[in-house]
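Welcome to a short tour of a protein model. Keep the picture at hand and look up each residue as it comes along.

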Amino acid sequence: MKTEKYEFYHQSNLIQIGNLIDDLHSVHIHLLKLQRRYYRIYGKYASFGRICNHITKLKQRTKPHWADLPSQVIQQVAKRIHLGYKNFFDNIKERKAGLTNCKVGRPKIKPNHKYNSLTFTQSGFKIEGNRLYIGCLKKSFTFWKHRDWTGPVKTVTIKRDTVGDYYLYLTCEDCEPTEKLPLTGNVAGVDFGMKTFLTLSDGTTIASPEFYKQGLAAIRSANKALSRKQYLSSGWFRAKRHLARVHKKIADQRRDWFFKLALRLVRKYDSIAIETLNLEGMKRLWGRKISDVAFGEFSLILQWTYAKYGKTFLKAGHWTATTKPCHCCGHHNENLTLSDRQWTCLECGFPHDRDVNAAINILRVGVPWT
């Protein structure tokens, strides 16, 4: 499956999509409260099929206005809740069996400002060129069609961000690479770092622009302006929107740089290997710095880019030792600390750059990521 993202033009009738999302938020609240009440009475949660049958009865009795909403979109709201409970109970079983330490919480009622999407699956919409027609609204909406999608469209999702802009997501069946780049014969391992964003096994280093650090002055100014406004006043909402716009600009700058960097790497290297990091643990140690460099987001973008152009993407295991072993003889330097950037192997005498040595080891132990 492949998802393409398109931005809607600024048009006056977009407010109708926002009203539709708000109506679906009331469905979300009702179904979650229904599940909790069902559990209190029967000691178990209602299945997805039972909820769908109950929705049909509600349309005929106490919720006749739900009949004006797309039926498949309402089913998707129920399906999200069903999958949330399924993941919750599966996680309990896995933790009892000792398979994981991660904890998945029970589905909670989202506040109105956090419920920002709806999904069509098979019907209720029509796409012609750069126009999306929504049947229940009897309106067409224009989006910026900057690229064509390939394969049949399976789902159509509309999302609203914190700034108030709307985006169209088309999920299509497309398992083949979009286009194949010529092979170069180069391979590389990649070591993520705090001082240098990327260190490659051939000695290439790439520094992070640290867009969040660059935008700190604008963020502080916007936060101060928001704190001076009366809560929930019209000025407060304008200041809140301005703060969201500043954060969005920083995120867009970072994402744009990630995609351009990933394209540079895929053009130069036929295979690339990265390491699996414990990002949550690193955030506890280094905080904002880890969020600014965004290793996790770049890893996903790099993986998508290599899949798009039909090249090989590798990952090293989370517990695989890559920093302390010498890539020449395999000797482990147990005395290596974070402050040691250069070291010499006691067995073979080879001088090492800490990050380059780790990148070479990552390339050697990397396995295809599926």
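## A charged pair across the chain

Let's begin with R147, which is partly exposed, having a relative accessible area of 38%. The model is a predicted one, where local features need pLDDT of at least 70 and side-chain atom pairs count only at pLDDT 80 or more, while totals for chains, interfaces and linings use all residues. Residues are numbered from 1 along each chain as its sequence is written, and side-chain values use heavy atoms, leaving out hydrogens and water.

Which side chain meets R147 in a salt bridge? The partner is E4, at 3.1 Å from N to O. A salt bridge here is a side-chain nitrogen of Lys or Arg within 4 Å of a carboxyl oxygen of Asp or Glu. This pair links distant parts of the chain, 143 residues apart: E4 is in strand β1 (residues 2-7), and R147 is in the loop between β5 (139-142) and β6. Helices (H or I, at least four residues) and strands (E, at least two) are DSSP runs, numbered from the N terminus. E4 counts as buried, at 7% relative accessibility.

The whole structure has 14 salt bridges. In one of them, K154 pairs with E173, and their closest N and O atoms are 3.9 Å apart. K154 lies in strand β6 and E173 in the loop between β7 and β8 (187-192), so this pair ties together parts that are 19 residues apart in sequence. K154 is partly exposed at 36% relative accessibility, and E173 is partly exposed at 41%.

Now find D270 and K311, whose side chains meet in a salt bridge of 3.2 Å, N to O. D270 is in the loop between α6 and β11 (271-275) and K311 in the loop between α9 (295-308) and β12 (312-316), so parts 41 residues apart in sequence are tied together. Are these two residues buried or exposed? Both D270 and K311 are buried. Elsewhere, salt bridges with shared partners join K2, E4 and R147 into one network.

## The nonpolar cores

In soluble globular proteins, nonpolar side chains tend to be buried together. A nonpolar core is a set of buried Ala, Val, Leu, Ile, Met, Phe, Trp, Tyr and Cys residues joined through side-chain atoms within 4.5 Å. The largest one in this model has 40 residues, and those with the most contacts inside it are F8, I17, L31, I158 and L168. Two or more residues each come from α1 (14-42), α2 (48-60), α3 (71-96), β2 (117-120), β4 (131-134), β6 (153-160) and β7 (166-172). The largest share, ten residues, is given by α1.

Take a look around F8: not counting residues up to four places away in sequence, F8 touches several residues, including L14, L132, F141, I158 and L168. Contact means heavy atoms within 4.5 Å. Apart from this core lies another, of 36 residues, with L200, A239, V266 and V293 among them.

How many disulfides does a search of the whole structure find? The search finds zero, a disulfide being a pair of cysteine sulfur atoms within 2.5 Å. C102 is exposed, with a relative accessible area of 56%, whereas C172 is buried at 2% relative accessibility.

Notes:
Buried < 20%, exposed > 50% of the residue type's maximum accessible area, 1.4 Å probe, protein only.
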